[in-house]
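Work through the following exercises with the model open beside the text. Try each task before reading its solution.

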Amino acid sequence: MSQAFHADSSDLVVKEVLSWELFGTASRELAQNIADSDFEPEIVIAVARGGLLPAGSLSYALGLKLADAINVEFYTDVHETLPDPVLLAPMIDTESIKGKRLLVVDDVADSGRTLALVMDLLREMGADARSAVLYAKSASVVSPDYVWRRTDEWIVFPWSAEPPVTPAGA
């Protein structure tokens with residue numbers, strides 16, 4: 001089994017820390033902003049991996065059962081990225097999203113390059129796509145449609161705050 005690398009931010013003095021409890025609050029507040037808008041999504045699309053938990057939370061909060069994910073790799077460590085975001089298999093079913101209203105969810109629009117890639121791809125496939133993120137940074141090349149909070153600090157999410165588990169006794 002190949003294990004995903006964990007980005008350790010313990011050496012950073014200043015950072016934004018999102019607890020599990022605050023994640024619940026953030027999800028409900030972000031969902032309310034979406035519900036109060038003129039957009040009624042039909043399908044939630046998570047940008048995996050960071051967007052998986054926020055997307056699941058928003059799909060429940062908005063009462064949407066249809067959900068999917070698109071896999072993108074970009075960050076390799078704290079403040080370290082690949083030269084460009086890379087789409088990973090499996091790919092989303094393009095026929096099922098044509099003409100649909102999609103809510104694309106990620107944890108953060110940092111540089112915004114991942115979100116831009118996904119949004120452009122889905123729109124080219126004929127979808128009406130809007131984006132929602134927990135956090136947006138000022139350096140982002142895209143302005144997400146829905147944002148819970150803005151920061152320029154490194155963000156520690158509760159699902160990636162600790163290293164991966166290993167077999168007991170290993």
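The exercises below go from the overall fold to helix packing, cores and single residues.

This is a predicted model, in which local features need pLDDT of at least 70 and side-chain atom pairs count only at pLDDT 80 or more, while totals for chains, interfaces and linings use all residues. Residues are numbered from 1 along each chain as its sequence is written, and side-chain values use heavy atoms, with hydrogens and water left out.

**Exercise 1. Overall fold**

Task: State how many helices and strands the protein has, and which pattern they follow along the sequence.

Solution. Begin with the assignment, in which helices (H or I, at least four residues) and strands (E, at least two) are DSSP runs, numbered from the N terminus. On that basis the protein has 4 helices and 8 strands, and reading along the sequence gives β-α-β-α-β-β-α-β-α-β-β-β. Next turn to burial, where buried means under 20% relative accessible area, exposed over 50%, and partly exposed in between, with a 1.4 Å probe and protein chains only. By this criterion 41% of the 170 residues count as buried. Finally consider contacts, meaning heavy atoms within 4.5 Å: among those in the protein with a separation of 6 or more, 70% come from residues 24 or more positions apart.

**Exercise 2. The buried face of α2**

Task: Find which residues of helix α2 are buried, and explain why they line one face of the helix.

Solution. Helix α2 covers residues 52–61, and its buried residues are P54, A55, L58 and S59. Looking down the axis of α2, these buried residues fall within an arc of 135 degrees, so they line one face of the helix; the arc is that of the directions from the helix axis to the C-beta atoms. In the loop between β2 and α2 sits R49, which a cis peptide bond with omega of about 15 degrees joins to A48, and just after α2, G63 has a positive phi of about 70 degrees.

**Exercise 3. Packing of α1 and α2**

Task: Describe how α1 and α2 pack, giving the angle, the axis distance and the residues in contact.

Solution. Take axes as lines fitted to C-alpha atoms, for helices over the stretch in contact, with angles running from 0 to 180 degrees between N-to-C directions. The angle between α1 and α2 is then about 55 degrees, and their axes are 9 Å apart. That makes α1 oblique to α2, since angles under 35 degrees count as roughly parallel, over 145 as roughly antiparallel, 65 to 115 as roughly perpendicular and the rest as oblique. On the α1 side, the contact is made by W20, F23, S27, R28, L30, A31 and I34, and on the α2 side by L53, P54, S57, L58 and A61.

**Exercise 4. The nonpolar cores**

Task: Identify which residues have the most contacts inside the largest nonpolar core.

Solution. A nonpolar core is a set of buried Ala, Val, Leu, Ile, Met, Phe, Trp, Tyr and Cys residues joined through side-chain atoms within 4.5 Å. The largest one has 22 residues, and L30, L58, A132, L134 and Y135 have the most contacts inside it. At least two residues of this core come from each of α1, β2, α2, β5, β6 and β7 (146–150), and α1 gives the most, with 5 residues. Apart from this core lies another, of 21 residues, including I43, I97, L102 and L121.
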